[in-house]
Amino acid sequence: MWTQQQQQQLQQQQRPTEQQKKDEAARTLGMTSAISSALPKPIDIQRTQELMEALKPFNVTESDAELSHRMEILSKLNQLVKEWIYEVSINRNMPGNVAEHVGGKIYTFGSYRLGVHHKGADIDALCVAPRHIDRSDYFTSFFEKLKTVPEVTELRAVEEAFVPVIKMNFDGIEIDLLFARLALKEIPDSMDLRDDMLLKNLDQKCVRSLNGCRVTDEILRLVPNIENFRLALRTIKLWAKKHGIYSNVLGYLGGVSWAMLVARTCQLYPNAVAATLIHKFFMVFSKWQWPQPVLLKPPDNVNLGFPVWDPRVNVADRYHLMPIITPAYPQQNSTFNVSISTRTIMQEEFKNGLSITEEIELGKCTWDKLFEAPNFFNKYKHYIILLAAANTPEDQLEWCGLIESKVRFLIGNLERNQHISLAHVNPETFSEMNPTDDKAPPGTMWFIGLEFQKSENLNIDLTYDIQSFTTTVHRQALQIKLLKDGMRMEAKHVKKKNLSEHLPQYLLKKDKKINSTEKRNGTTSDRTSTERKRRSDSNMEGGGKRTRVNSTETNSVNDESSATYAALNNTDDSMSNISLELNEKKTAEAVELLKANEIQKSLPEEVVT
(Lines give C-alpha, C1' and ligand atoms only; values in the text may rest on other atoms or scores of the structure.)
Protein backbone atom coordinates (compact mmCIF):
# COMPACT_ATOMS: atom_id res chain seq x y z
CA MET A 1 0.00 0.00 0.00
CA TRP A 2 1.45 3.37 -1.01
CA THR A 3 1.09 5.64 2.00
CA GLN A 4 0.85 9.42 2.08
CA GLN A 5 4.17 9.42 3.93
CA GLN A 6 5.87 7.70 0.99
CA GLN A 7 4.41 10.26 -1.42
CA GLN A 8 5.77 13.08 0.75
CA GLN A 9 9.21 11.45 0.92
CA LEU A 10 9.24 11.25 -2.85
CA GLN A 11 8.38 14.92 -3.23
CA GLN A 12 10.96 15.99 -0.63
CA GLN A 13 13.74 14.57 -2.78
CA GLN A 14 13.12 17.42 -5.19
CA ARG A 15 14.10 19.91 -2.48
CA PRO A 16 17.24 18.57 -0.75
CA THR A 17 19.02 20.82 1.71
CA GLU A 18 22.59 22.00 1.20
CA GLN A 19 23.73 19.65 3.98
CA GLN A 20 22.10 16.71 2.22
CA LYS A 21 23.94 17.62 -0.96
CA LYS A 22 27.24 17.67 0.93
CA ASP A 23 26.49 14.37 2.63
CA GLU A 24 25.66 12.70 -0.68
CA ALA A 25 28.82 14.06 -2.27
CA ALA A 26 30.92 12.75 0.61
CA ARG A 27 29.36 9.27 0.53
CA THR A 28 30.61 7.12 -2.30
CA LEU A 29 29.09 3.66 -2.48
CA GLY A 30 30.24 0.79 -4.64
CA MET A 31 33.40 0.03 -6.57
CA THR A 32 33.38 3.34 -8.45
CA SER A 33 32.10 6.86 -8.02
CA ALA A 34 28.60 7.72 -9.20
CA ILE A 35 27.93 8.23 -12.91
CA SER A 36 25.54 11.06 -12.12
CA SER A 37 24.44 12.77 -8.91
CA ALA A 38 21.78 14.81 -10.68
CA LEU A 39 18.69 15.59 -8.64
CA PRO A 40 15.25 14.49 -9.87
CA LYS A 41 13.26 16.81 -12.10
CA PRO A 42 9.49 17.35 -11.78
CA ILE A 43 8.88 15.02 -14.74
CA ASP A 44 10.87 12.27 -12.95
CA ILE A 45 8.63 12.65 -9.89
CA GLN A 46 5.56 12.46 -12.12
CA ARG A 47 6.80 9.33 -13.91
CA THR A 48 7.48 7.68 -10.55
CA GLN A 49 3.97 8.42 -9.33
CA GLU A 50 2.61 6.94 -12.56
CA LEU A 51 4.76 3.86 -11.90
CA MET A 52 3.21 3.47 -8.43
CA GLU A 53 -0.25 3.53 -9.97
CA ALA A 54 0.72 1.00 -12.64
CA LEU A 55 1.99 -1.43 -10.00
CA LYS A 56 -1.21 -1.46 -7.93
CA PRO A 57 -3.17 -4.08 -9.93
CA PHE A 58 -0.30 -6.56 -9.59
CA ASN A 59 -0.54 -6.84 -5.77
CA VAL A 60 3.14 -6.06 -5.25
CA THR A 61 2.40 -4.58 -1.81
CA GLU A 62 0.35 -5.61 1.20
CA SER A 63 -2.13 -3.69 3.31
CA ASP A 64 -1.22 -2.50 6.82
CA ALA A 65 -3.37 -5.29 8.28
CA GLU A 66 -1.51 -7.94 6.26
CA LEU A 67 1.86 -6.51 7.31
CA SER A 68 0.76 -6.53 10.94
CA HIS A 69 -0.29 -10.17 10.58
CA ARG A 70 3.21 -11.08 9.39
CA MET A 71 4.81 -9.24 12.29
CA GLU A 72 2.52 -11.02 14.74
CA ILE A 73 3.44 -14.42 13.29
CA LEU A 74 7.16 -13.66 13.50
CA SER A 75 6.73 -12.51 17.10
CA LYS A 76 5.02 -15.81 17.98
CA LEU A 77 7.73 -17.79 16.22
CA ASN A 78 10.43 -15.83 18.03
CA GLN A 79 8.77 -16.61 21.37
CA LEU A 80 8.57 -20.31 20.46
CA VAL A 81 12.32 -20.32 19.75
CA LYS A 82 13.11 -18.73 23.11
CA GLU A 83 10.88 -21.23 24.94
CA TRP A 84 12.46 -24.17 23.10
CA ILE A 85 16.04 -23.03 23.85
CA TYR A 86 15.11 -22.56 27.52
CA GLU A 87 13.62 -26.09 27.67
CA VAL A 88 16.68 -27.68 26.04
CA SER A 89 18.97 -25.73 28.40
CA ILE A 90 17.07 -26.96 31.47
CA ASN A 91 17.20 -30.55 30.20
CA ARG A 92 20.99 -30.20 30.06
CA ASN A 93 21.15 -29.27 33.73
CA MET A 94 21.68 -25.55 33.19
CA PRO A 95 20.51 -23.48 36.19
CA GLY A 96 17.14 -21.83 35.58
CA ASN A 97 18.39 -18.30 36.21
CA VAL A 98 21.12 -18.84 33.58
CA ALA A 99 18.80 -20.55 31.07
CA GLU A 100 16.48 -17.54 31.19
CA HIS A 101 19.20 -15.33 29.71
CA VAL A 102 20.77 -17.52 26.98
CA GLY A 103 18.35 -16.02 24.48
CA GLY A 104 17.87 -17.05 20.87
CA LYS A 105 16.36 -15.02 18.06
CA ILE A 106 14.55 -15.13 14.72
CA TYR A 107 16.03 -13.06 11.88
CA THR A 108 14.45 -12.49 8.48
CA PHE A 109 16.12 -12.16 5.10
CA GLY A 110 15.23 -12.23 1.41
CA SER A 111 12.36 -10.20 -0.07
CA TYR A 112 10.60 -9.70 3.28
CA ARG A 113 13.71 -8.25 4.92
CA LEU A 114 14.38 -6.08 1.86
CA GLY A 115 10.81 -4.77 2.10
CA VAL A 116 9.82 -5.87 -1.42
CA HIS A 117 7.71 -8.98 -0.78
CA HIS A 118 4.43 -9.25 -2.66
CA LYS A 119 0.98 -10.12 -1.36
CA GLY A 120 0.90 -13.72 -0.16
CA ALA A 121 4.67 -14.23 -0.43
CA ASP A 122 6.51 -16.55 1.91
CA ILE A 123 8.98 -15.43 4.59
CA ASP A 124 12.63 -16.53 4.69
CA ALA A 125 13.78 -16.66 8.30
CA LEU A 126 16.74 -17.84 10.37
CA CYS A 127 16.76 -19.29 13.89
CA VAL A 128 19.97 -18.33 15.72
CA ALA A 129 20.85 -20.33 18.85
CA PRO A 130 23.72 -20.32 21.38
CA ARG A 131 26.57 -22.84 21.27
CA HIS A 132 25.02 -25.53 23.48
CA ILE A 133 22.11 -26.03 21.05
CA ASP A 134 22.81 -28.48 18.22
CA ARG A 135 21.32 -28.78 14.76
CA SER A 136 20.08 -32.22 15.79
CA ASP A 137 18.06 -30.52 18.55
CA TYR A 138 16.54 -28.20 15.97
CA PHE A 139 15.35 -31.05 13.76
CA THR A 140 14.07 -33.15 16.67
CA SER A 141 12.80 -31.31 19.75
CA PHE A 142 12.00 -28.01 18.00
CA PHE A 143 10.34 -29.84 15.12
CA GLU A 144 8.20 -31.76 17.64
CA LYS A 145 7.35 -28.52 19.44
CA LEU A 146 6.11 -26.99 16.18
CA LYS A 147 3.79 -29.97 15.72
CA THR A 148 1.93 -28.94 18.88
CA VAL A 149 1.23 -25.40 17.63
CA PRO A 150 -2.35 -25.20 16.26
CA GLU A 151 -1.51 -22.50 13.70
CA VAL A 152 1.27 -24.60 12.12
CA THR A 153 0.35 -26.83 9.17
CA GLU A 154 2.20 -28.46 6.26
CA LEU A 155 5.21 -28.95 8.52
CA ARG A 156 8.17 -30.70 6.91
CA ALA A 157 11.91 -30.92 7.54
CA VAL A 158 14.58 -31.03 4.83
CA GLU A 159 17.58 -31.88 6.98
CA GLU A 160 19.86 -33.19 4.21
CA ALA A 161 19.50 -30.15 1.93
CA PHE A 162 22.50 -28.00 0.96
CA VAL A 163 21.02 -25.47 3.38
CA PRO A 164 18.97 -27.48 5.94
CA VAL A 165 15.50 -26.04 6.45
CA ILE A 166 12.16 -26.54 8.20
CA LYS A 167 9.21 -25.52 6.04
CA MET A 168 5.78 -24.70 7.43
CA ASN A 169 2.58 -22.79 6.99
CA PHE A 170 2.13 -20.60 10.07
CA ASP A 171 -1.40 -19.18 10.24
CA GLY A 172 -1.64 -18.82 6.47
CA ILE A 173 1.92 -17.63 5.80
CA GLU A 174 4.53 -19.95 4.29
CA ILE A 175 7.81 -19.84 6.23
CA ASP A 176 11.20 -21.35 5.38
CA LEU A 177 13.16 -21.46 8.64
CA LEU A 178 16.92 -22.09 8.63
CA PHE A 179 19.13 -22.77 11.64
CA ALA A 180 22.54 -21.50 12.76
CA ARG A 181 24.44 -22.05 16.00
CA LEU A 182 26.90 -19.35 17.03
CA ALA A 183 29.95 -20.00 19.21
CA LEU A 184 28.49 -17.78 21.94
CA LYS A 185 27.03 -18.44 25.39
CA GLU A 186 24.11 -16.09 24.82
CA ILE A 187 22.18 -14.64 21.88
CA PRO A 188 20.86 -11.22 22.94
CA ASP A 189 18.00 -9.51 21.10
CA SER A 190 20.44 -6.78 20.01
CA MET A 191 22.77 -9.23 18.24
CA ASP A 192 24.05 -7.89 14.88
CA LEU A 193 25.03 -10.63 12.45
CA ARG A 194 27.23 -8.37 10.31
CA ASP A 195 30.34 -9.05 12.43
CA ASP A 196 32.56 -11.37 10.35
CA MET A 197 34.16 -12.82 13.49
CA LEU A 198 30.84 -14.50 14.33
CA LEU A 199 31.70 -17.01 11.59
CA LYS A 200 34.87 -18.17 13.31
CA ASN A 201 34.86 -21.91 14.09
CA LEU A 202 31.42 -22.44 12.53
CA ASP A 203 30.65 -25.31 10.16
CA GLN A 204 29.78 -24.74 6.50
CA LYS A 205 26.06 -25.33 6.98
CA CYS A 206 25.84 -22.64 9.65
CA VAL A 207 27.81 -20.21 7.49
CA ARG A 208 25.50 -20.84 4.52
CA SER A 209 22.46 -20.36 6.76
CA LEU A 210 23.80 -17.06 8.08
CA ASN A 211 24.75 -15.86 4.61
CA GLY A 212 21.18 -14.92 3.61
CA CYS A 213 20.76 -12.48 6.50
CA ARG A 214 24.25 -11.05 6.18
CA VAL A 215 23.89 -10.43 2.44
CA THR A 216 20.44 -8.84 2.76
CA ASP A 217 21.55 -6.48 5.53
CA GLU A 218 24.66 -5.52 3.58
CA ILE A 219 22.63 -4.71 0.45
CA LEU A 220 20.40 -2.36 2.46
CA ARG A 221 23.49 -0.70 3.95
CA LEU A 222 25.05 -0.14 0.54
CA VAL A 223 22.17 1.70 -1.21
CA PRO A 224 21.94 5.50 -0.90
CA ASN A 225 18.14 5.68 -0.61
CA ILE A 226 16.27 2.61 0.59
CA GLU A 227 12.77 3.74 -0.49
CA ASN A 228 13.88 4.45 -4.05
CA PHE A 229 15.70 1.12 -4.10
CA ARG A 230 12.61 -0.77 -2.93
CA LEU A 231 10.27 0.73 -5.50
CA ALA A 232 12.76 0.14 -8.30
CA LEU A 233 13.34 -3.45 -7.16
CA ARG A 234 9.60 -4.20 -6.98
CA THR A 235 9.32 -3.01 -10.56
CA ILE A 236 12.28 -5.02 -11.85
CA LYS A 237 11.13 -8.19 -10.08
CA LEU A 238 7.66 -7.90 -11.60
CA TRP A 239 9.15 -7.25 -15.04
CA ALA A 240 11.51 -10.24 -14.71
CA LYS A 241 8.67 -12.58 -13.68
CA LYS A 242 6.42 -11.38 -16.51
CA HIS A 243 9.23 -11.94 -19.02
CA GLY A 244 10.15 -15.41 -17.75
CA ILE A 245 13.65 -14.65 -16.49
CA TYR A 246 13.09 -14.94 -12.73
CA SER A 247 14.40 -18.33 -11.61
CA ASN A 248 17.80 -19.00 -10.08
CA VAL A 249 17.33 -22.75 -10.24
CA LEU A 250 16.68 -22.76 -14.02
CA GLY A 251 19.69 -20.57 -14.83
CA TYR A 252 18.13 -17.12 -14.79
CA LEU A 253 18.46 -14.70 -11.86
CA GLY A 254 16.87 -15.16 -8.44
CA GLY A 255 15.66 -12.52 -6.02
CA VAL A 256 19.02 -11.69 -4.42
CA SER A 257 20.71 -11.30 -7.83
CA TRP A 258 18.05 -8.88 -9.10
CA ALA A 259 18.37 -6.98 -5.81
CA MET A 260 22.14 -6.58 -6.28
CA LEU A 261 21.75 -5.33 -9.87
CA VAL A 262 19.21 -2.73 -8.75
CA ALA A 263 21.43 -1.80 -5.78
CA ARG A 264 24.38 -1.23 -8.13
CA THR A 265 22.20 1.03 -10.28
CA CYS A 266 21.24 3.01 -7.17
CA GLN A 267 24.94 3.44 -6.34
CA LEU A 268 25.66 4.78 -9.82
CA TYR A 269 22.71 7.22 -9.66
CA PRO A 270 22.40 8.01 -5.92
CA ASN A 271 19.87 10.84 -6.18
CA ALA A 272 17.63 9.36 -8.87
CA VAL A 273 14.01 8.43 -8.14
CA ALA A 274 12.55 5.04 -9.10
CA ALA A 275 11.39 5.92 -12.63
CA THR A 276 14.86 7.15 -13.53
CA LEU A 277 16.51 4.17 -11.84
CA ILE A 278 14.46 1.73 -13.93
CA HIS A 279 15.61 3.38 -17.16
CA LYS A 280 19.24 3.54 -15.99
CA PHE A 281 19.06 -0.11 -14.90
CA PHE A 282 18.28 -1.20 -18.45
CA MET A 283 20.80 1.22 -19.91
CA VAL A 284 23.64 -0.05 -17.70
CA PHE A 285 23.01 -3.78 -17.97
CA SER A 286 22.08 -3.86 -21.66
CA LYS A 287 25.63 -2.64 -22.26
CA TRP A 288 27.42 -4.51 -19.44
CA GLN A 289 30.50 -6.41 -20.62
CA TRP A 290 29.86 -9.84 -19.13
CA PRO A 291 31.63 -11.74 -17.62
CA GLN A 292 32.87 -8.57 -15.94
CA PRO A 293 31.55 -9.11 -12.37
CA VAL A 294 29.04 -6.88 -10.62
CA LEU A 295 30.20 -5.97 -7.11
CA LEU A 296 28.60 -3.64 -4.58
CA LYS A 297 31.85 -3.08 -2.67
CA PRO A 298 35.48 -4.26 -2.65
CA PRO A 299 35.77 -7.83 -1.33
CA ASP A 300 36.38 -8.10 2.40
CA ASN A 301 39.91 -9.06 3.38
CA VAL A 302 38.89 -11.71 5.90
CA ASN A 303 40.72 -15.00 6.25
CA LEU A 304 38.61 -17.50 8.16
CA GLY A 305 39.24 -20.36 5.75
CA PHE A 306 35.93 -20.30 3.91
CA PRO A 307 35.96 -20.49 0.09
CA VAL A 308 35.22 -17.18 -1.67
CA TRP A 309 34.66 -16.25 -5.31
CA ASP A 310 38.05 -15.40 -6.76
CA PRO A 311 38.86 -16.27 -10.40
CA ARG A 312 42.53 -15.54 -9.74
CA VAL A 313 42.67 -18.52 -7.40
CA ASN A 314 39.73 -20.75 -8.34
CA VAL A 315 39.85 -22.02 -11.90
CA ALA A 316 36.11 -22.89 -11.91
CA ASP A 317 35.22 -19.24 -11.15
CA ARG A 318 36.81 -18.17 -14.45
CA TYR A 319 34.05 -19.95 -16.37
CA HIS A 320 31.13 -18.15 -14.71
CA LEU A 321 29.24 -16.30 -17.44
CA MET A 322 27.38 -13.59 -15.54
CA PRO A 323 28.99 -13.16 -12.09
CA ILE A 324 27.08 -11.08 -9.52
CA ILE A 325 29.01 -11.22 -6.25
CA THR A 326 27.38 -11.13 -2.82
CA PRO A 327 28.69 -8.27 -0.64
CA ALA A 328 29.13 -10.20 2.65
CA TYR A 329 31.97 -12.55 3.56
CA PRO A 330 32.38 -15.24 2.31
CA GLN A 331 31.68 -13.66 -1.09
CA GLN A 332 29.92 -15.96 -3.55
CA ASN A 333 28.66 -15.72 -7.12
CA SER A 334 24.86 -15.79 -6.87
CA THR A 335 24.48 -16.62 -10.59
CA PHE A 336 26.66 -19.70 -11.09
CA ASN A 337 23.68 -21.46 -12.73
CA VAL A 338 23.56 -19.04 -15.68
CA SER A 339 24.21 -20.71 -19.06
CA ILE A 340 25.01 -19.34 -22.50
CA SER A 341 21.34 -19.56 -23.49
CA THR A 342 19.90 -17.97 -20.35
CA ARG A 343 22.45 -15.15 -20.50
CA THR A 344 21.57 -14.51 -24.16
CA ILE A 345 17.86 -14.43 -23.30
CA MET A 346 18.38 -12.01 -20.41
CA GLN A 347 20.62 -9.73 -22.47
CA GLU A 348 17.90 -9.53 -25.12
CA GLU A 349 15.32 -8.68 -22.45
CA PHE A 350 17.59 -5.93 -21.07
CA LYS A 351 17.72 -4.37 -24.55
CA ASN A 352 13.94 -4.63 -24.95
CA GLY A 353 13.47 -3.08 -21.49
CA LEU A 354 15.71 -0.17 -22.49
CA SER A 355 13.67 0.43 -25.63
CA ILE A 356 10.40 0.44 -23.68
CA THR A 357 11.64 2.75 -20.91
CA GLU A 358 12.95 5.17 -23.53
CA GLU A 359 9.45 5.29 -25.01
CA ILE A 360 8.00 5.83 -21.51
CA GLU A 361 10.38 8.75 -20.94
CA LEU A 362 9.28 10.27 -24.25
CA GLY A 363 5.62 9.80 -23.32
CA LYS A 364 4.98 7.38 -26.19
CA CYS A 365 3.66 4.58 -23.95
CA THR A 366 2.75 3.84 -20.34
CA TRP A 367 4.35 1.57 -17.73
CA ASP A 368 1.83 -1.14 -18.62
CA LYS A 369 3.88 -1.98 -21.68
CA LEU A 370 6.87 -2.91 -19.51
CA PHE A 371 4.80 -5.57 -17.78
CA GLU A 372 3.28 -7.15 -20.89
CA ALA A 373 4.38 -10.79 -20.99
CA PRO A 374 5.75 -11.98 -24.35
CA ASN A 375 4.13 -15.13 -25.76
CA PHE A 376 6.75 -17.83 -25.36
CA PHE A 377 4.75 -20.26 -27.47
CA ASN A 378 4.83 -18.04 -30.55
CA LYS A 379 8.56 -17.43 -30.36
CA TYR A 380 9.98 -20.75 -31.60
CA LYS A 381 9.03 -23.36 -34.18
CA HIS A 382 10.30 -26.34 -32.22
CA TYR A 383 9.89 -27.29 -28.56
CA ILE A 384 10.90 -30.07 -26.20
CA ILE A 385 8.27 -31.01 -23.63
CA LEU A 386 9.67 -32.41 -20.40
CA LEU A 387 6.99 -34.30 -18.44
CA ALA A 388 7.24 -35.38 -14.79
CA ALA A 389 4.55 -37.51 -13.14
CA ALA A 390 4.06 -39.45 -9.88
CA ASN A 391 1.30 -41.40 -8.14
CA THR A 392 0.51 -38.96 -5.30
CA PRO A 393 0.59 -35.17 -4.89
CA GLU A 394 3.33 -35.50 -2.25
CA ASP A 395 5.50 -37.62 -4.55
CA GLN A 396 4.78 -35.23 -7.42
CA LEU A 397 6.01 -32.28 -5.35
CA GLU A 398 9.29 -34.00 -4.49
CA TRP A 399 9.83 -35.43 -7.97
CA CYS A 400 9.20 -32.09 -9.71
CA GLY A 401 11.50 -30.31 -7.26
CA LEU A 402 14.36 -32.68 -8.09
CA ILE A 403 13.81 -32.51 -11.85
CA GLU A 404 13.53 -28.73 -11.86
CA SER A 405 16.84 -28.47 -9.98
CA LYS A 406 18.48 -30.46 -12.81
CA VAL A 407 16.82 -28.90 -15.89
CA ARG A 408 19.78 -26.57 -16.30
CA PHE A 409 21.95 -29.64 -17.04
CA LEU A 410 19.63 -30.53 -19.92
CA ILE A 411 20.00 -26.96 -21.22
CA GLY A 412 23.77 -27.41 -21.03
CA ASN A 413 23.55 -30.66 -22.99
CA LEU A 414 21.46 -29.01 -25.70
CA GLU A 415 23.79 -26.01 -25.90
CA ARG A 416 26.72 -28.33 -26.58
CA ASN A 417 24.91 -29.77 -29.59
CA GLN A 418 26.58 -28.13 -32.59
CA HIS A 419 23.27 -27.67 -34.41
CA ILE A 420 21.47 -25.84 -31.55
CA SER A 421 22.10 -22.12 -31.14
CA LEU A 422 19.68 -21.52 -28.25
CA ALA A 423 17.73 -23.59 -25.72
CA HIS A 424 15.11 -21.45 -23.96
CA VAL A 425 13.41 -22.99 -20.92
CA ASN A 426 10.17 -21.40 -19.75
CA PRO A 427 10.09 -21.10 -15.91
CA GLU A 428 6.31 -21.60 -15.90
CA THR A 429 5.06 -25.16 -15.57
CA PHE A 430 1.81 -26.53 -16.96
CA SER A 431 -0.38 -29.49 -16.09
CA GLU A 432 -0.66 -32.47 -18.40
CA MET A 433 -4.00 -32.57 -20.20
CA ASN A 434 -5.96 -35.84 -20.07
CA PRO A 435 -3.43 -37.83 -18.01
CA THR A 436 -3.35 -41.60 -18.56
CA ASP A 437 -4.00 -42.36 -14.88
CA ASP A 438 -7.14 -40.71 -13.50
CA LYS A 439 -6.21 -41.64 -9.93
CA ALA A 440 -2.81 -39.93 -10.02
CA PRO A 441 -2.30 -36.16 -10.16
CA PRO A 442 -1.73 -34.74 -13.67
CA GLY A 443 1.87 -34.62 -14.79
CA THR A 444 3.86 -31.39 -14.78
CA MET A 445 5.30 -30.07 -18.04
CA TRP A 446 8.24 -27.79 -18.78
CA PHE A 447 8.63 -26.35 -22.28
CA ILE A 448 12.02 -25.69 -23.89
CA GLY A 449 12.11 -23.64 -27.09
CA LEU A 450 14.82 -24.59 -29.59
CA GLU A 451 16.60 -22.39 -32.10
CA PHE A 452 18.77 -24.14 -34.70
CA GLN A 453 21.78 -23.10 -36.72
CA LYS A 454 20.79 -22.23 -40.29
CA SER A 455 21.64 -25.23 -42.42
CA GLU A 456 20.23 -27.60 -45.01
CA ASN A 457 19.99 -31.40 -45.12
CA LEU A 458 20.35 -31.60 -41.37
CA ASN A 459 19.50 -34.64 -39.25
CA ILE A 460 19.53 -33.92 -35.50
CA ASP A 461 19.48 -36.78 -33.01
CA LEU A 462 18.85 -35.57 -29.43
CA THR A 463 18.71 -39.05 -27.89
CA TYR A 464 22.10 -38.75 -26.19
CA ASP A 465 21.38 -35.25 -24.84
CA ILE A 466 18.11 -36.41 -23.27
CA GLN A 467 19.49 -39.74 -22.09
CA SER A 468 22.40 -38.07 -20.29
CA PHE A 469 19.98 -35.77 -18.48
CA THR A 470 17.54 -38.50 -17.42
CA THR A 471 20.42 -40.64 -16.18
CA THR A 472 21.67 -37.75 -14.03
CA VAL A 473 18.22 -37.21 -12.51
CA HIS A 474 17.62 -40.89 -11.75
CA ARG A 475 21.09 -41.33 -10.28
CA GLN A 476 20.48 -38.40 -7.93
CA ALA A 477 17.03 -39.75 -7.00
CA LEU A 478 18.54 -43.14 -6.15
CA GLN A 479 21.34 -41.59 -4.10
CA ILE A 480 18.97 -39.56 -1.93
CA LYS A 481 16.42 -42.41 -1.79
CA LEU A 482 13.70 -40.27 -3.38
CA LEU A 483 12.76 -42.49 -6.33
CA LYS A 484 9.42 -44.25 -5.77
CA ASP A 485 7.08 -46.43 -7.78
CA GLY A 486 5.07 -44.41 -10.28
CA MET A 487 7.64 -41.63 -10.69
CA ARG A 488 8.34 -41.14 -14.39
CA MET A 489 9.96 -38.58 -16.65
CA GLU A 490 9.55 -38.28 -20.41
CA ALA A 491 10.70 -35.94 -23.15
CA LYS A 492 9.28 -35.38 -26.62
CA HIS A 493 9.70 -32.99 -29.51
CA VAL A 494 6.70 -30.90 -30.61
CA LYS A 495 6.29 -28.45 -33.47
CA LYS A 496 4.67 -25.12 -32.77
CA LYS A 497 1.63 -26.02 -34.85
CA ASN A 498 1.01 -29.05 -32.58
CA LEU A 499 1.24 -27.23 -29.24
CA SER A 500 -2.56 -27.09 -29.09
CA GLU A 501 -2.51 -30.81 -28.30
CA HIS A 502 -0.72 -30.04 -25.03
CA LEU A 503 -1.85 -26.54 -24.02
CA PRO A 504 -5.16 -24.63 -23.88
CA GLN A 505 -5.82 -22.12 -26.65
CA TYR A 506 -5.74 -19.05 -24.40
CA LEU A 507 -2.02 -19.62 -23.79
CA LEU A 508 -1.25 -19.94 -27.48
CA LYS A 509 -3.26 -16.93 -28.67
CA LYS A 510 -2.83 -14.45 -25.86
CA ASP A 511 -3.98 -10.92 -26.67
CA LYS A 512 -1.61 -8.44 -25.06
CA LYS A 513 -3.97 -5.51 -25.55
CA ILE A 514 -6.73 -7.30 -23.67
CA ASN A 515 -4.35 -8.11 -20.84
CA SER A 516 -3.23 -4.49 -20.65
CA THR A 517 -6.83 -3.32 -20.48
CA GLU A 518 -7.55 -5.80 -17.71
CA LYS A 519 -4.61 -4.49 -15.74
CA ARG A 520 -5.63 -0.87 -16.12
CA ASN A 521 -9.16 -1.73 -15.05
CA GLY A 522 -7.89 -3.78 -12.13
CA THR A 523 -9.60 -6.93 -13.47
CA THR A 524 -6.61 -9.16 -14.07
CA SER A 525 -7.98 -12.67 -14.34
CA ASP A 526 -7.32 -15.39 -11.79
CA ARG A 527 -5.79 -17.37 -14.63
CA THR A 528 -2.94 -14.88 -14.81
CA SER A 529 -2.50 -13.98 -11.17
CA THR A 530 -2.92 -17.40 -9.58
CA GLU A 531 -2.71 -20.31 -11.97
CA ARG A 532 0.41 -19.14 -13.73
CA LYS A 533 2.50 -18.54 -10.63
CA ARG A 534 6.07 -19.68 -11.24
CA ARG A 535 7.52 -22.22 -8.86
CA SER A 536 10.74 -20.20 -8.61
CA ASP A 537 8.81 -17.20 -7.23
CA SER A 538 8.36 -19.09 -3.99
CA ASN A 539 11.75 -20.60 -3.48
CA MET A 540 15.04 -19.74 -5.06
CA GLU A 541 16.19 -23.32 -4.97
CA GLY A 542 13.08 -24.64 -6.64
CA GLY A 543 11.89 -26.83 -3.79
CA GLY A 544 9.03 -24.70 -2.59
CA LYS A 545 5.33 -24.40 -3.31
CA ARG A 546 4.12 -25.16 -6.81
CA THR A 547 1.06 -23.95 -8.68
CA ARG A 548 0.25 -25.49 -12.05
CA VAL A 549 -1.99 -24.39 -14.89
CA ASN A 550 -4.94 -26.74 -15.10
CA SER A 551 -5.37 -27.71 -18.73
CA THR A 552 -8.41 -29.30 -20.33
CA GLU A 553 -7.38 -31.33 -23.33
CA THR A 554 -4.38 -33.08 -24.92
CA ASN A 555 -2.98 -36.37 -26.15
CA SER A 556 -1.34 -38.31 -23.35
CA VAL A 557 2.33 -39.25 -23.49
CA ASN A 558 2.72 -42.91 -24.38
CA ASP A 559 5.15 -44.90 -22.25
CA GLU A 560 5.34 -47.66 -24.87
CA SER A 561 6.41 -45.51 -27.79
CA SER A 562 9.76 -46.68 -29.09
CA ALA A 563 10.74 -43.38 -30.64
CA THR A 564 9.58 -39.84 -31.19
CA TYR A 565 10.40 -38.72 -34.69
CA ALA A 566 9.60 -35.45 -36.38
CA ALA A 567 10.40 -34.49 -39.96
CA LEU A 568 10.20 -30.78 -40.66
CA ASN A 569 9.18 -29.49 -44.07
CA ASN A 570 9.37 -26.13 -45.77
CA THR A 571 5.99 -25.00 -44.41
CA ASP A 572 7.10 -25.49 -40.78
CA ASP A 573 10.49 -23.84 -40.91
CA SER A 574 12.80 -21.91 -43.14
CA MET A 575 15.29 -24.75 -42.80
CA SER A 576 14.55 -27.55 -45.24
CA ASN A 577 15.27 -31.27 -44.86
CA ILE A 578 15.80 -31.19 -41.10
CA SER A 579 14.70 -33.96 -38.78
CA LEU A 580 14.66 -34.29 -35.01
CA GLU A 581 14.83 -37.64 -33.31
CA LEU A 582 14.36 -38.57 -29.65
CA ASN A 583 14.71 -42.29 -29.03
CA GLU A 584 12.77 -42.74 -25.79
CA LYS A 585 13.25 -46.51 -25.77
CA LYS A 586 17.03 -46.15 -25.58
CA THR A 587 16.68 -43.59 -22.81
CA ALA A 588 14.30 -45.81 -20.82
CA GLU A 589 16.66 -48.79 -21.19
CA ALA A 590 19.59 -46.71 -19.93
CA VAL A 591 17.62 -45.63 -16.85
CA GLU A 592 16.59 -49.21 -16.08
CA LEU A 593 20.22 -50.34 -16.39
CA LEU A 594 21.26 -47.54 -14.03
CA LYS A 595 18.66 -48.63 -11.46
CA ALA A 596 19.86 -52.24 -11.69
CA ASN A 597 23.50 -51.21 -11.22
CA GLU A 598 22.70 -49.01 -8.23
CA ILE A 599 20.64 -51.77 -6.61
CA GLN A 600 23.43 -54.27 -7.19
CA LYS A 601 25.97 -51.96 -5.55
CA SER A 602 23.79 -51.76 -2.44
CA LEU A 603 23.58 -55.57 -2.03
CA PRO A 604 26.00 -57.56 0.17
CA GLU A 605 28.90 -59.06 -1.77
CA GLU A 606 27.82 -62.68 -1.16
CA VAL A 607 24.35 -61.95 -2.61
CA VAL A 608 25.82 -60.45 -5.78
CA THR A 609 28.11 -63.44 -6.15
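Let's start with a contact you can find by eye: R135 and D203 form a salt bridge, with their closest N and O atoms 3.4 Å apart. Salt bridge here means a side-chain nitrogen of Lys or Arg within 4 Å of a carboxyl oxygen of Asp or Glu. R135 sits in helix α7 (residues 135–147) and D203 in the loop between β5 and α8 (204–221), so the pair ties together parts that are 68 residues apart in sequence. R135 is buried at 18% relative accessible area, while D203, at 36%, is partly exposed. (Buried is under 20% relative accessible area, exposed is over 50%, and partly exposed is in between, using a 1.4 Å probe and protein chains only.)

A quick word on what you're looking at: this is a predicted model, where local features need pLDDT of at least 70, side-chain atom pairs count only at pLDDT 80 or more, and totals for chains, interfaces and linings use all residues. Residues are numbered from 1 along each chain as its sequence is written, and side-chain values use heavy atoms, with hydrogens and water left out. Helices (H or I, at least four residues) and strands (E, at least two) are DSSP runs, numbered from the N terminus.

The structure holds 26 salt bridges. One of them joins E50 to R47, with the closest N and O atoms 3.5 Å apart. These two are three residues apart in helix α3 (residues 42–55), which means about one helical turn separates them. E50 is partly exposed at 33% relative accessibility, and R47 is buried at 15%. D176 and K167 also meet in a salt bridge, at 3.4 Å from N to O, and both D176 and K167 are buried. Elsewhere, E218, R221, K297 and D300 are linked in a salt-bridge network.

What the E174 side chain does have is a polar contact of 3.3 Å with the side chain of N169. That term covers a pair of N or O atoms within 3.5 Å; within protein, one must be able to donate a hydrogen and the other to accept it, and residues adjacent in sequence count only if both atoms are side-chain atoms.

Finally, look at strand β1 (residues 105–109), where five of five residues are buried. K105, Y107 and F109 point one way, and I106 and T108 the other.
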